[in-house]
Number of protein chains: 2
Amino acid sequence: MSTDDSLRLDRQLCFPLYAAARAMVQAYAPLLEKLGLTYPQYLVMLVLWEEDGVSVKVLGERLFLDSGTLTPLLKRLETQGWVRRERSTEDARSVRVSLTTSGRALKRKAASVPEAMSCRLGMSLEEVTRLRRDMRRLFEVLSK
Amino acid sequence: MSTDDSLRLDRQLCFPLYAAARAMVQAYAPLLEKLGLTYPQYLVMLVLWEEDGVSVKVLGERLFLDSGTLTPLLKRLETQGWVRRERSTEDARSVRVSLTTSGRALKRKAASVPEAMSCRLGMSLEEVTRLRRDMRRLFEVLSK
DNA sequence: CGCAATTAAATTGTGCGCAATCAATTTTGG
DNA sequence: CCAAAATTGATTGCGCACAATTTAATTGCG
């Protein structure tokens, strides 16, 4: 029998996950465009709005991204004027990423983004919470 | 109050979704490396193993990818010897993508991949089914 | 028929992601 | 104190993704 059911596209969990993640990034795009941010840049800004002046290493730990992704992304954020990058004086290996005044101010404009997305989803808080928990568990299983 | 809770990273649904999707692709990588495929290439092969000789357009419809992604990817699959690309004779705008003998044979080696992943997940079939349904619904909401 | 509108791929340009490697710095163990 | 190991970022190279544009072919309509 040629048809191995386990290889059918509609049997996969990976594909809807992959497609949903891409659709999510695309759904954010028009909202973030108003802020001059891409989705990964938005994630970096979320971290910095919570804890300013962290190293590239810490950003990478929070977002599970490496320096190969973050270094050029941060340079773009710097060019756009949202962040500053400077070598640490205590440990010259480390690069400290800090918000500029504009970068801090951008948080106010960004405040409408989560609300807009939650409207878009049209799900109850409970449902979003459950999905978030599921995604975290999936991540845990897949990343070890 | 500076701290708008709605912008906290741990409040987002998008981030675990994004992280899980990337972790999933990484989890597939060592399995697919044995086959000489990347994850998106594997998705294309899943479609072709189900229906051989489809156009780039159909591949795009199945996988929600556009020609900007598929054209170079298919050229790489062709270089690797898994597929053939040829202009349709009925409609010269269309490009028909067909499996080579090797490409068809690769399906046997790929058969172990879904099983390996399902072991990795360590979830019940019911749970996988529920998650898949959730991801599809999320995709539907986000892609319209 | 003839031509505008549509369709299918390919191309171009930008921005991730990530493996692998490298350079600079710091830490550590003898 | 000093050489080896570890740490931190940057760089390089490749493969997606996707928007926007281009090219070529087909369709539809007056």
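In chain B of this predicted model, 3 strands form an open sheet in the order S1-S3-S2, with antiparallel pairing. Strand S1, residues 54-55, and strand S2, residues 83-87, stand at the edges of this chain B sheet; each has a single partner strand, so one side of each is left without a neighbour in the sheet. As a general point, the strands of a sheet pair through backbone hydrogen bonds, either parallel or antiparallel.

Consider next the pairing of S2(B) with strand S3 of chain B, residues 95-99: the two run antiparallel and are joined over 5 bridges. Within that pairing, Val83(B) has Leu99(B) in S3(B) as its bridge partner. Helix H4 of chain B, residues 67-79, lies across S2 and S3 of the chain, at about 125° to S2(B).

I turn now to DNA strand C. Which elements supply the surface near DNA strand C? Helices H2 (39-50) and H4 (67-80) of chain A each contribute at least two residues, as do helices H1 (14-33), H3 (56-63) and H4, and strand S2, of chain B. In total, 29 residues surround DNA strand C, the closest being Thr38(A), Tyr18(B), Gln26(B), Ser67(B) and Thr71(B). By class, this surface has 11 charged, 10 polar and 8 nonpolar residues.

Which part of the DNA faces the protein? Phosphate oxygens of DNA strand C lie 2.7 Å from a backbone N or O atom of Lys57(B) and 3.3 Å from one of Val95(B). On the base side, a polar backbone atom of Gly68(A) is 3.3 Å from a base nitrogen of DNA strand C.

How values were computed: Residues are numbered from 1 along each chain as its sequence is written. Chains are lettered from A and ligands numbered from 1 in the order in which they are written. This is a predicted model: local features need pLDDT of at least 70, side-chain atom pairs count only at pLDDT 80 or more; totals for chains, interfaces and linings use all residues. Side-chain values use heavy atoms; hydrogens and water are left out. Two strands pair if DSSP finds at least two bridges between them. Helices (H or I, at least four residues) and strands (E, at least two) are DSSP runs, numbered from the N terminus. Contact means heavy atoms within 4.5 Å. Axes are lines fitted to C-alpha atoms, for helices over the stretch in contact, and angles run from 0 to 180 degrees between N-to-C directions. A residue is near a molecule or strand if one of its heavy atoms lies within 4 Å of it. A polar contact is a pair of N or O atoms within 3.5 Å; within protein, one must be able to donate a hydrogen and the other to accept it, and residues adjacent in sequence count only if both atoms are side-chain atoms. Ala, Val, Leu, Ile, Met, Phe, Trp, Tyr, Cys and Pro count as nonpolar, Asp, Glu, Lys and Arg as charged, and the others, Gly among them, as polar.
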